[in-house]
Amino acid sequence: MCSMAYTRKSSGSKSCALGSPKCSNIDMSLRRMRSANCDIQRGYSWFAWHSQVLHEQLEETSSQEKSCTKLYSFTHILNGAAVRLTSQQADVLAKHPSVVHVQKSFKVQTTTVHTPEYLGLPTGIWSKMGGALGAGEDIVIGIVDTGIDPTHPSFSTVGQKPYVPLSKYRGTCEVAKEFPAGSCNGKLIGAQHFSAAASQDGAFNASLHFASPLDGDGHGSHVASTAAGNYGVPVILNNVTYGKASGMAPRARIAVYKALYRLIGGFIPDVIAACDKAVADGVDILSLSLGPNSPPGNSTSTFLNILDLALLNAVKANVLVVQAAGNGGPYPKTVTSFSPWVLSVAAGVDDRTYPNVITLGDKSVLKGTGLAPATKGEVLYPLILAKDATEGQGNPGFAPSDCQEPSIFQKALVTGKLLICTYGFNYIFGGSTLQQLVKTVEAVGAAGVVLVVESDGSGSKFDPVPLRIPAIALLSFADSATFLGYYEANTKRGQNGKALSFGATAKLGDGQVTVYTGQAQQVALFSSRGPDVRDFNFNDADVLKPNVMGPGFLIWGAWTPIAIDNAAYQGEHFAMISGTSMATPHVAGLSALLKAKYPAWSPAALSSAMVTTADVLDQQGRPIQSQQLSGGPTPLLQDATPFDMGGGALNINAAINPGLIFEAVYLDYIKFLCSANMSTPGEVLAATKTACPQAPGIPADLNTPSITFANLVGTKTVSRTVTNVMAAGETYTVTWTNPADVVLTASPTSFAIGTGLQNTQTVGFTLRATATSQTASFGRIIFKGSLGHTVHIPVSIGIKEP
């Protein structure tokens, strides 16, 4: 599939008649497009003309030539269009004098109950906004995702304070058979869908994916409820209440832009169209729980790929963009949110757990994972291994120990016993599911199930889901071996190995009881890691990614019962899932609270306040930990670095009183793009319609709340300018910890700063490399204020060459 992207120049004629001399080049290119060989495989193309008439000329060509189909025109975050062309047609059009940039399209994927309390919202920032019922008032969060279930109680206005019309929001609410009039109710303030690219690709099926904002996947509803779902919504599955859900900004408005679809993900033209419309509609925050699989290979820089350029213009329009960092961890260079104008979110593991125990007949107790009810009463139940209860092999796609086929079990032998099954390869990579396991256990009349593993690796892949039958998973090989040893010691077998009697017994505890450990967040094993990369060749960038961390592991949120691609939650209204997709709406919702507090703040100011006040230490003053591969079910822990969590774990109660912020505006980002080893002035001009300054400097000059050098050679000096955003002046002292093999100095090391946004202070930092190293090293700069404010920024240094 061939996909191209074009962005147009800002200068040129504003009008011309078709066929006139002014339009001769246009007509020629379009004629060449029409005559181009269209028998090759077709795809999606992005391109932009320099005047509206060129959009119109393209529209005419599109209507005449079905091989050249215009999908979207963009007028807000990009000045261009998305069109389906052949590769040959795209090559011809790329030579047109009004076409300045060609880029191939790509696909993207969809890279709460307890978290408000865990983050201290009820007694913190919510209490300053009139409680949960006022938190986020009149802030609009745009959600670009898989849509929304408008009937879900997380988005209901029943019993809520009325939502008055919001004049600043200019969006619409689509109406369809499955998304009837009235679906938008003030809480849900807008809902639209974008599927032109998916439709042209042939992947879109209206009966499966819904040509409306309706969520057929569940992911979009989950994201929306996490960001701004109603406060105190009971979470009920299998007739068990797991608590009450709430979004981070429960009074904020939700505007939905559906551009991702179940089973197929999303196409970048649809995503850009959704973002373009969200900005035009007037959203305050843009939440993107999506991203590419890897750095796009069709631009000279990751920062110039079509999505990041669109997001730059969203920021230019004063919209804060919050994006998932990706789920490629714990491996380095897996972040797929690249640019410094985007707030990239890592996923943290909070302190909520669902442990369970199994008590054996010899009174020994083994710990496991539950989310399932206990066996009835205090009696011990006989145990039976799956292989001792089956006849025949059944479907060759399953192992008998998977317990996926009731028909191969001897029901009379299994009824009333605890069935022992194996969680292994087929559950992780094949078609075995816990839902089918439950059906098997119920069909054969077993009292419950015990899952064992054949390796620690299998145990590390287990993702707990709520089950309606008594169950426990023993996720370590050692515990599984101990348990099976007990079973074999109490099972009498004949000479042929067939079980003759079953003497092993056990009972299961209640795994539906939540246990809170009180631990600080840990960086989740799956959360993508830095360093950031600046091109498709994975060369390191002088940009810190991710930027901040939010809760993203086993998060409860709204779900749609019509979802079909997650068997665990089919027919359910809530789901508990993990990913940076879940961390992102946490941060988006918290950003909405900050925006409500400081409506005049820029996206950079909002990001800075959250990054510079984030937690880097736990309650005992120890470094926050990062999960790493261990080969077993329990990850190894090591001190988290900025490449794991950016500035740290977001602490919104500190962010509302940040002291200083690091401001950056659109032209600062242009200067960054023009800086050394990034892009040519022509590329930047073509992509942004803005010329490079005379002396753009180096990438690390960008006024971000971090300092990053991918390869520090010799001595470099950079500066950071801070702005006091508090009501009183303050005196600050600057201290720091040196990265390994680096000597850092600052000037001045103390300064007094007044009030108001115009009161700023610039501090110079000199970094000198003292040795080379194949690994990055990290330090931290701290601004300590006389009134109690503490502002910290991470320093990340690579020294690969002398």
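**Close-up 1. An open sheet of five strands, with mixed pairing.** In this predicted model, the strands line up in the order E34-E41-E40-E36-E38. At the edges you will find strand E34 (707–709) and strand E38 (750–753), and each of them pairs on one side only. From one strand to the next, the twist averages 20°.

**Close-up 2. Where E34 meets strand E41 in the five-strand sheet.** Strand E41 covers residues 790–797. E34 and E41 run parallel and are joined by three bridges.

**Close-up 3. An open sheet of four strands, with antiparallel pairing.** Here the order is E33-E35-E39-E37. Strand E33 (660–662) and strand E37 (742–747) each have a single partner strand, so one side of each is left without a neighbour in the sheet. Neighbouring strands of this sheet are turned by 35° against each other on average, direction ignored.

**Close-up 4. The pairing of E33 with strand E35.** Strand E35 spans residues 715–724, and three bridges connect E33 to E35 in the antiparallel sense. Look for isoleucine 661, whose bridge partner in E35 is threonine 723.

**Close-up 5. Histidine 219 and its polar contact with aspartate 145.** Now we turn to a single side chain. Histidine 219 belongs to helix H7, which covers residues 219–228. Histidine 219 has a relative accessibility of 7%, and because buried means under 20%, this residue counts as buried. The side chains of histidine 219 and aspartate 145 are joined by a polar contact of 2.6 Å.

Technical notes: Residues are numbered from 1 along each chain as its sequence is written. This is a predicted model: local features need pLDDT of at least 70, side-chain atom pairs count only at pLDDT 80 or more; totals for chains, interfaces and linings use all residues. Side-chain values use heavy atoms; hydrogens and water are left out. Two strands pair if DSSP finds at least two bridges between them. Helices (H or I, at least four residues) and strands (E, at least two) are DSSP runs, numbered from the N terminus. Axes are lines fitted to C-alpha atoms, for helices over the stretch in contact, and angles run from 0 to 180 degrees between N-to-C directions. Buried means under 20% relative accessible area, exposed over 50%, partly exposed in between (1.4 Å probe, protein chains only). A polar contact is a pair of N or O atoms within 3.5 Å; within protein, one must be able to donate a hydrogen and the other to accept it, and residues adjacent in sequence count only if both atoms are side-chain atoms.
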